[in-house]
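Have the structure open as you go.

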Amino acid sequence: MIKKILIANRGEIALRIIRACKELNIPTVAIYSTIDSLSLHVRFADEAVCIGPANSQDSYLKQSQIIGAAEVTNSDAIHPGYGFLAENADFAQMCEDNEIHFIGPEPEVIRKMGDKAQARSTMIKAGIPVIPGTESVLSDFEAARKMAVEIGYPIILKASAGGGGRGMRIVREPSELENTFLMASEEARSAFGNPDLYIEKLVEDARHIEIQILGDNFGNIAHLGERECSIQRRHQKLIEESPSPVVDQNMREKIGKIAVQAAKAANYSSAGTVEFLLDKDENFYFMEMNTRIQVEHPVTEMVTGIDILKEQVDLACGKKLPEWLKKFKLRGHAIECRINAEDPFKSFRPSPGKITSFHAPGGPGTRMDTHVYAGYEIPTNYDSLLGKLITHGRDREESLARMERALEETIIEGVSTSIPFHQAILRDSSFRSGNFHTGFLDSFQF
Ligand code: MV4
């Protein structure tokens, strides 16, 4: 049903999409900026179109140019990957207007879930548990004050157009509210072009648990279990795993069912993620819905044996959700370390440059998703993700041992990487025992 897919992305995710398409026998088109001409996605795709200069604004974000590239190559679908245009409802609409399948949910669904306050009110109406707070955006500071008194301090102000931790401010004392409200609103206006804020009770020492879902175009939704994503630094995930050390089969079925209900309430189709906060008393609350394939999808692939990318493309072709997807069985445990070109000894400053020597780890239960190679030059224009190392084992202990072994085997010379930081986390006794929450890295001594 889809005859050719243009991949509107770069790096490891572009390779991941090309791999899925090859196995499905669907030809691919890469797009690239001038600085990416020697990138592997350009080499591995069946065709490649240069769409502009290094600056993403003029290349990977240039909507009309990308649609043009799809038209001249006769591509009838665009896969946006993650980042760039993946959650841009206008772009998804532009694809539809030009009779190109956007591989993702409908534009209205992207718009609705992208507005975090609207996503919240959609879930409240559907009876999904949300963190105590406002039902819609705050009209002014007075509304914020009233709600804060009602739910009790500390509270958290979030930008409705933000998400993923961008535009968040914690308020611990009533006296701080007015100033913080005005600052957060101004920041949201300048960062997202939208000053709207909403308020939630601050859930302290919580875990970030997310559920992978897949939906077809006929309203059928399945979930594929959870990912534990509490190991984050400045809202950037560093390590993800599945299953979570604190989620048992009973809780998995409960959260999974709620995630499926949430996806149905959003009219969801394609691959997506429902994010939850899990508090110390095992209460879970809807936080956000991500309408894209995520960086950390491989840990779910490893423990379910399901190729999420291939399923996503099949669903975009109009296939019905296969029955066996709903009956997935978890096998063992998987963990992912995001390897960034950053120097953890120098406050994680980016470390672009030429990779002079490279060796990917291998052996049992080891997967490396990367676009880099010896001689590859990491540009300064994009994110610093070099690759994702994923290990799988019969249980958490085995996959962690494999991760330590695989990190040791990895050779990346010429640039600094986050590998020493991952190794330190893996040696930490709280991490080892599964006893950690979202504040873990704030108090972590490297
Ligand atoms: C919260 C929270 C506590 N209470 N909301 C950060 C990512 C974004 N999706 C929302 N985030 C949070 N929202 C309430 N009401 C704590 C966080 C948070 C966090 C969440 C997951 C992983 C790491 C985190 C680090 C700091 C704060």
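1. The largest cavity holds about 60 Å³ of space. A cavity here is a set of points, on a 1 Å grid over the protein atoms alone, where a 1.4 Å probe fits but cannot get out. Volume is the space filled by probe spheres set on the points, which are joined across faces, edges and corners. By this rule there are three cavities of 30 Å³ or more.

2. Who lines that largest cavity? Among the residues are Arg10, His371, Tyr376, Asp383 and Leu386; lining means having an atom within 4 Å of a point. By class, the lining has seven nonpolar, two polar and two charged residues.

3. Keep in mind that this is a predicted model: local features need pLDDT of at least 70, side-chain atom pairs count only at pLDDT 80 or more, and totals for chains, interfaces and linings use all residues. Residues are numbered from 1 along each chain as its sequence is written, and side-chain values use heavy atoms, with hydrogens and water left out.

4. Now the ligand: 18 residues surround it, and Lys158 and Glu200 are among the closest (a heavy atom within 4 Å counts as near). Domain 2 (132-201) and domain 3 (207-442) both give residues to this shell, so the ligand lies between them. The domain bounds come from an automatic or database assignment.

Methods: On a 1 Å grid over the protein atoms alone, a cavity is a set of points where a 1.4 Å probe fits but cannot get out, and a pocket is an open set with protein on both sides within 12 Å along at least five of seven lines; lining residues have an atom within 4 Å of a point. Ala, Val, Leu, Ile, Met, Phe, Trp, Tyr, Cys and Pro count as nonpolar, Asp, Glu, Lys and Arg as charged, and the others, Gly among them, as polar.
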